[in-house]
Structure formats: structure tokens, C-alpha cells
Amino acid sequence: MLIKTEAVVLRAVRYGDSRLIVDMLTLSEGRESFIVGIPKSSKGRLQKQLFQVLTLLDIEYDRRPGNHLQHLKDVSRSYPFASIPFNPQKIAVTLFLSEFLCYATRGEQGANEHLFRFVSAALRWLDTVEGQFANFHLAFMIHLTRFLGFFPNIEGYHPGFLFDLRSGCFTSVAPLHSDFLNAADTSRMAVIMRMDFENMRFFHFTHEERNRCTEVILYYYRIHVPEFPELRSFDVVRQLFA
């Protein structure tokens with residue numbers, strides 16, 4: 001079946017001397033993996049630069065449901081980034097988010113239009129913003145849970161409450177398990193839930209607080225997404241915005 005759809009590149013891994021295995025999140029089919037031959041000359045149609053992480057593409061392929069790896073027929077950029085490839089901080093953020101999305105969306109084997117639209121719009125926003133995006137990855141990760149089915153319940157917070165990571169709710173008493181946040185982390189979690197891309201510049205964290213917030217959100221994902229690992233790229237984010 002011939003598929004034409006929008007896609008975002010999550011990961012590209014070299015396979016042999018002249019091929020890549022590329023994981024993408026697509027608008028119409030969810031997660032798909034492709035094997036891509038990379039030409040040695042600059043005149044080829046499928047240049048390696050098209051498969052940089054989080055590149056937004058228009059793709060066409062003949063989908064074979066029984067195949068683990070699909071074959072692209074045509075590919076082009078749907079939105080050429082103007083600033084992300086040239087801004088070291090934005091590059092670091094996208095490297096982190098690409099690894100994060102690889103695992104967070106691993107179960108998205110069918111179409112999830114709202115999820116794809118959110119990811120695509122967020123990347124376009126990051127590309128156009130000129131400054132004050134230190135909280136971008138926090139807002140991105142917490143709002144992505146809306147489309148994965150475990151957005152926290154933002155009602156009922158009071159100072160001194162705890163946050164139950166399993167139920168995604170605030171509580172006045174410690175639950176009968178260890179997966180909950182203390183009062184200080186809970187307070188920061190309540191702040192993050194009020195963030196979006198437009199207002200996040202008004203929320204001020206120290207470098208240490210921002211890193212702790214990232215750790216907490218990743219912990220939340222590890223509870224709700226099967227086999228969600230420690231992210232190697234988190235070490236890069238730890239050094240940002242110091």
C-alpha cells in the first residue's frame with residue numbers, strides 16, 4: 001500500500017557502509033522503521049542530511065505490513081529548520097529529545113494524529129524562538145504525556161502535599177509504595193504542569209532545580225512506559241543553561 005505522510009526522524013543508525021536504519025514517527029502510521037541506501041555522490045536523491053534527528057519530512061513509501069524495515073520511495077523536508085542546526089543549545093536539546101522520543105513513543109504502532117501534531121508544532125516553535133527556552137524540554141515532556149495517556153491530574157495540589165507517581169495524583173498522605181515525590185519535588189511538579197511553550201519563560205528555576213525536574217519527569221516515564229531506560233543524552237542536558 002502506497003503511503004504518503006509527514007514524518008519526524010527519531011534516530012538514524014549506520015548499517016554497513018552505505019545504508020542507514022532510520023526510525024521515524026509518522027502522522028498516518030505511527031512508528032515505522034526504514035532501511036535507506038545512502039548514495040556516495042552528492043547527486044543522489046536520499047542524502048544523509050535528510051535523516052538528522054528530529055528533521056521534519058514528507059515521505060512516500062510502499063508499506064508492507066509484514067516487513068520490519070520499510071523502503072522509502074521519496075522523501076523531502078516538510079519544514080527546513082532555520083535556527084536549530086546552528087544553535088549549540090538547541091542542538092543539545094534536540095539530541096536529548098530525539099533519544100527521549102525513541103523510547104517514549106516506542107509503543108505507538110498506529111496513527112496518533114494529536115501526538116504527531118504536538119511533536120511537529122513543538123519543533124517548529126523551538127526553531128523560531130530566539131531566547132528563553134531553557135524550560136522547553138520540561139514543558140515538552142510533561143505535555144507529551146497527554147497524548148500517551150498518563151498526563152498527571154493537576155487538581156488538588158496544596159503546599160506540603162506529595163505526588164503519587166503511579167496514580168499521577170497529589171495526595172496529603174504517603175502512599176503504600178515508594179514511588180512518590182517529597183513535598184519539595186511535588187511543589188516543582190505542580191509548577192511544571194502549569195507550563196506551556198508561551199508562558200514557560202516566566203517560570204524561573206536554578207540550574208540544579210531544572211535538572212532535578214528533568215530527573216523527576218524521566219522517573220515518571222519509567223513508571224508508565226515499559227522498558228523506558230536511563231537516557232545517555234541526559235548528561236548533555238545537565239550541562240545546559242548553567
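Strands here are DSSP runs of at least two residues, numbered from the N terminus. Strand S2 (19-26) and strand S3 (30-37) each give at least two residues to the lining of the second largest pocket. The model is predicted.

- By class, the lining has six charged, five polar and three nonpolar residues.

**The largest pocket**
- The largest pocket has a volume of about 590 Å³.
- Its lining has 26 residues. Phe-51, Gln-52, Val-53, Leu-54 and Leu-95 lie nearest the centre.
- Strand S1 (2-15) and helix H1 each supply at least two lining residues.
- H1 gives the largest share of the lining, seven residues.
- The lining divides into 15 nonpolar, six polar and five charged residues.

**Helix H1**
- H1 spans residues 88-104, which makes 17 residues.
- From first C-alpha to last, H1 reaches 24 Å, close to the 24 Å expected at 1.5 Å a residue.
- Of its 17 residues, 13 are buried, so H1 is largely enclosed by the rest of the structure. Buried means under 20% relative accessible area.
- Asn-87 caps the N-terminal end of H1. A side-chain oxygen of Asn-87 lies 3.0 Å from the backbone nitrogen of Gln-89.

**The cavity**
- A search of the whole structure finds one cavity of 30 Å³ or more.
- The largest cavity has a volume of about 30 Å³.
- Its lining is made by Asp-185, Arg-188, Met-189, Ile-192, Arg-212, Cys-213 and Val-216.
- Helix H4 (183-192) and helix H5 (207-224) are the elements that give two or more residues to this lining.
- H4 gives the most, with four residues.
- Four of the lining residues are nonpolar and three are charged, with no polar ones.

**Thr-145**
- Thr-145 lies in helix H3 (residues 136-148).
- Its relative accessible area is 0%, so Thr-145 counts as buried.
- The side chain of Thr-145 reaches the backbone oxygen of Ile-142 at 2.5 Å.
- Leaving out residues up to four places away in sequence, Thr-145 touches Phe-150, Phe-151, Pro-152, Tyr-220 and Tyr-221.

Methods
Residues numbered from 1 in each chain as written. Predicted model: local features only at pLDDT ≥ 70, side-chain atom pairs only at ≥ 80, totals over all residues. Heavy atoms only, no water. Expected span 1.5 Å × (residues − 1). Buried < 20%, exposed > 50% of the residue type's maximum accessible area, 1.4 Å probe, protein only. Polar contact = N/O pair within 3.5 Å; in protein donor to acceptor, adjacent residues only side chain to side chain. 1 Å grid on protein atoms, 1.4 Å probe; cavity = no way out; pocket = protein on both sides within 12 Å on 5 of 7 lines; lining within 4 Å. Points joined across faces, edges and corners; volume = space filled by probe spheres on them. Nonpolar A, V, L, I, M, F, W, Y, C, P; charged D, E, K, R; others polar. Contact = heavy atoms within 4.5 Å.
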